[in-house]
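Me: I have this model open and want a close look at one part of it. Could you walk me through the charged pairs around one of the helices, and what they connect to?

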Amino acid sequence: MLLSKLLLPTLKDSPQEAEVISHKLMLRAGMIKKVASGIYTWLPLGLKVLRNIENIVREEMDASGAQEVFMPMVQPKELWEETQRWDKMGPELLRIKDRHDRDFCLGPTHEEVITDIIRNNVKSYKELPLNLYQIQTKFRDEVRPRYGIMRGREFLMKDAYSFNMDEESLQETYLAMREAYKTILERIGLEFKISAADSGAIGGDSSEEFHVLADNGEDTIAVSDSSEFAINTELLLKEGEDIQSLEGNPSPDGKGTIQIKKGIEVGHIFKLGKIYADDMKANVLNKEGKASTLYMGCYGIGVSRLVAAAIEQNNDERGIIWPHNIAPFDINIIAIGYDKNEEIASASQNLYKELTQMGYDVLLDDRKDGYGTKMKDSELIGIPLNIIIGKQYLENKEIELKSRNGDSSTNPISDIKTILDFFKDK
RNA sequence: CGGGAUGUGGCGCAGCUUGGUAGCGCACUACGCUGGGGGUGUAGUGGUCGUCGGUUCAAAUCCGACCAUCCCGACCA
């Protein structure tokens, strides 16, 4: 991609609407544009990151045996009445009417729709277990949207729903999802904790949250400093615990001591049990030929929220530092004097072609600007590796490799192997 | 919904106290110089001053209502 052709409206000053670092950087890096409170357009650069995360999520969900579906965003009132949620849910459920005055809502979640599909299409225990997922836009009319994409009203979510014959089967699917989530977050490259959580309004037996640790997180979690153990302090507060006094205590799992940290909830897995299946009469015939109510689980990942969470955890005073697996581009070729010097232009074009053929997603900064402007933008948008081609190339056919982490080296332009090495150990 | 604040070109801001018909920096356009850390010269483009109403000869400025946005709280699979 030629940078001169890319819609990339970077900003020097952050708009006053932004408070937290991820929001500021997403606006400054030209990733998003606000349309209304909590509602954003994803610009090309932001969308690339969003898609990268989405693809990792999709790959791991498929690998876990789940199947992808795509459900409607607009859902009829009747389904929501079956679970009484049409009345139970507050104004965060955005209700709308069609031209025939029929009631609908914008889907904040999809238990009703998916359960309706299963009860109509699955009749035998032989067809189970099933785990269906989608990656789709959700709408929740939050009381107070904030922090940009982190808590928007419209957001992208991966939601999966499993249907099992019994608790043992549900437990198996639940653990498979737990593992898939760990792999997803590891692949994205984020530091996270898994905490026991309040299962809240969605109900159900038990649930765990996946938290990305970050100072601007909305949740306060008690974590062990030397194990995976964590617990959402919401639960502890309900039990009357004094949160601050827990800091420094031995961890309940016997490993390390407790620290109070801020986390961003990016995933939540639930064992729902029979609650929705009971309400919606979702049952199949068991081995004895008797109707048996299904056990359900649901498993969510905030895909768009992960973009913000990744930035919260990976930035410096110059901008974003993308983990390699989700970076919008792998390499930025910073061509100094591209518009004036034939040699620079053709050398950078050749390099671009070569790297692209090798499978890298490459950006070529062919703009008329100087080194400073180009580097500042590249650092702001967080490209992992910069290749600078300028004076040193003209003098002795050398280029400089400069990573976003600060490593740099000067190499002959023919030494592409060095570039490969840069990515190998990441 | 309670508390606080803000709304002036794409972004950041000044002007408002003391009314006189809109300005600065960045960005943007053209041309030149420059070309390894947001460089520079000349000439330009772009604004119903959130909206509606009121006061006044005259409103970005004073008054009122409303709207939008942000922060804290309550809320939240």
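Reply: Let's start with Arg-119, which counts as buried because its relative accessibility is 18%, and the cut-off for buried is under 20%. Keep in mind that this is a predicted model.

Arg-119 has a partner: Glu-82 forms a salt bridge with it, and the closest N and O atoms are 2.8 Å apart. That pair links distant parts of the chain, with Glu-82 in helix α3 and Arg-119 in helix α5 (residues 111-121), 37 residues apart. Glu-82 itself is partly exposed, at a relative accessible area of 27%, whereas Arg-119 is buried.

Helix α5 carries another charged residue to look at. The side chains of Glu-112 and Arg-85 meet in a salt bridge of 2.8 Å, N to O. Glu-112 lies in helix α5 and Arg-85 in helix α4 (residues 85-88), so this pair ties together parts that are 27 residues apart in sequence. How covered are the two ends? Glu-112 counts as buried, since its relative accessibility is 0%, and Arg-85 also counts as buried, at 7%.

Now go back to helix α3. Glu-78 forms a salt bridge with Arg-102, with 3.3 Å between the closest N and O atoms. Glu-78 lies in helix α3 (residues 77-82) and Arg-102 in the loop between β5 (95-97) and β6 (103-106), so the pair ties together parts that are 24 residues apart in sequence. Glu-78 counts as partly exposed, with 39% relative accessibility, and Arg-102 is partly exposed as well, at 39%.

There's also a network to trace on your screen: salt bridges that share partners join Lys-77, Glu-81, Lys-97, Asp-101 and Asp-103. For the whole model, the count comes to 31 salt bridges. As background, side chains of opposite charge can pair when their charged atoms come close.

For contrast, have a look at some acidic residues elsewhere. Asp-166, Glu-167, Glu-168 and Glu-172 form a negative surface patch. One of them, Glu-168, sits in helix α6 (residues 167-188) and is exposed, with a relative accessible area of 55%.

Helix α3, in turn, is tied to the loop between β5 and β6 through Glu-78 and Arg-102.

Technical notes. Residues numbered from 1 in each chain as written. Chains lettered and ligands numbered in written order. Predicted model: local features only at pLDDT ≥ 70, side-chain atom pairs only at ≥ 80, totals over all residues. Heavy atoms only, no water. Patch = residues over 30% accessible without salt bridge, like charges linked within 9 Å, V, L, I, M, F, W, Y side chains within 5 Å. Areas by Shrake-Rupley, 256 points an atom, 1.4 Å probe, with all protein chains shown as cover. Salt bridge = Lys/Arg side-chain N within 4 Å of Asp/Glu carboxyl O. Lys, Arg positive; Asp, Glu negative; His and termini not counted. Charge placed at Lys NZ, Arg CZ, Asp CG, Glu CD. Helix = DSSP H or I, 4+ residues; strand = E, 2+ residues; numbered from the N terminus. Buried < 20%, exposed > 50% of the residue type's maximum accessible area, 1.4 Å probe, protein only.
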